[in-house]
Amino acid sequence: MPPKLRSRTPTTVNGPSPRVLSGNVAQRPTGSASAVKPVQRPSYASKSSNLTAFGRNDMETYFESLLALDRSDGLDAIGTKGIARLCEDLCIAKDSFEMYTLIWKMNITRGECIPRTDWLSTMYTYKVEQLLNLRMLLSEWVKEAKSTAFNEFYSHLYDFIRGEDARLMPTDRAIKVWGILFEHDPRIKSWIQWYSLVYMRDVTRDVWQQLGLFLSKVPNIEAYRVGDKWSSAIDNYVEWYKSSQ
């Protein structure tokens, strides 16, 4: 006969038995070192005071005020009136070296407007929270544009000055800006005279960029070399200048 099986008495564990919640999930004893502490939620009151109730900072709200003056052709962009007000608030002249420096640093490529995306990107990249911050930054940017970064600054302006409706930059716009950006270079007067009276063509991107390089790299007409492969416009200007002296 097979041996009889002895019944085993269950082992009792001393200590309080855990309370069982619905779903047979054991609850941790109160006061245990392993008790889960409640999650601390962040306090939104600690955020920067420049945030409005709608989560926008001062510069976003300021953009809206400029946008209300004249939305550019139905785009989400500040138009000419808004740009004029911005210049006034920054204590700079419209169509000045300072204004064009701002256009360059905002990386604006649309003509005669400041799109919201470019504005916000600049404000957040440079952590601009107030107009005073932008004014202080602008003074540093102008120093940069007038020194090592001039050619980059100058070349970038072509699309903004040309405008959205023109395939090439109109001569009158180019002449106006040349007089501003190169006002301290005596050669710009003869260039403008030749361009407006002799050449008389809309300004291509190549001519625009070549002039910037020519005036920054060639100190005077005597230093000009035909073999340096300048554009035909530069060659024609130099030839005209020498023959008119």
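1. A residue is called buried here when its relative accessible area is under 20%, exposed when that area is over 50%, and partly exposed in between (1.4 Å probe, protein chains only). Phenylalanine 214, at 0% relative accessibility, therefore counts as buried. The model is a predicted one, in which local features need pLDDT of at least 70 and side-chain atom pairs count only at pLDDT 80 or more, while totals for chains, interfaces and linings use all residues. Residues are numbered from 1 along each chain as its sequence is written, and side-chain values use heavy atoms, with hydrogens and water left out.

2. On the aromatic contacts, rings of Phe, Tyr and Trp (its six-membered ring) are paired if their centres lie within 6.5 Å, and planes under 30 degrees apart count as stacked, over 60 as edge-to-face and the rest as tilted. The count by this rule comes to 26 aromatic pairs. Among them, tryptophan 191 and tyrosine 195 have ring centres 5.6 Å apart and planes at 40°, so this pair is tilted. Both residues belong to helix H9 (residues 187-199), where they are 4 residues apart, about one turn of the helix, and both tryptophan 191 and tyrosine 195 are buried. Helices (H or I, at least four residues) and strands (E, at least two) are DSSP runs, numbered from the N terminus.

3. A further pair joins phenylalanine 214 to tyrosine 224, with ring centres 6.1 Å apart and planes at 75°, so it is edge-to-face. The pair links distant parts of the chain, since phenylalanine 214 is in helix H10 and tyrosine 224 is in the loop between H10 and H11, 10 residues apart. Tyrosine 224, at 6% relative accessibility, counts as buried.

4. The charged end of arginine 187 sits over the phenylalanine 214 ring, 5.7 Å from its centre. Likewise, lysine 146 places its charged end over the ring of phenylalanine 97, 5.1 Å from the centre of that ring.

5. Turning to the backbone, glutamate 112 has a positive phi of about 55° although it is not a glycine. Glutamate 112 lies in the loop between helix H3 (97-105) and strand E2 (114-115), and its relative accessibility of 35% makes it partly exposed.

6. Lysine 229, which is also not a glycine, has a positive phi near 60°. This lysine 229 is placed in the loop between helix H10 (205-217) and helix H11 (232-244), and at 74% relative accessibility it counts as exposed.

How values were computed:
A charge sits over a ring if NZ of Lys or CZ of Arg is within 6 Å of the ring centre and within 35 degrees of the ring normal.
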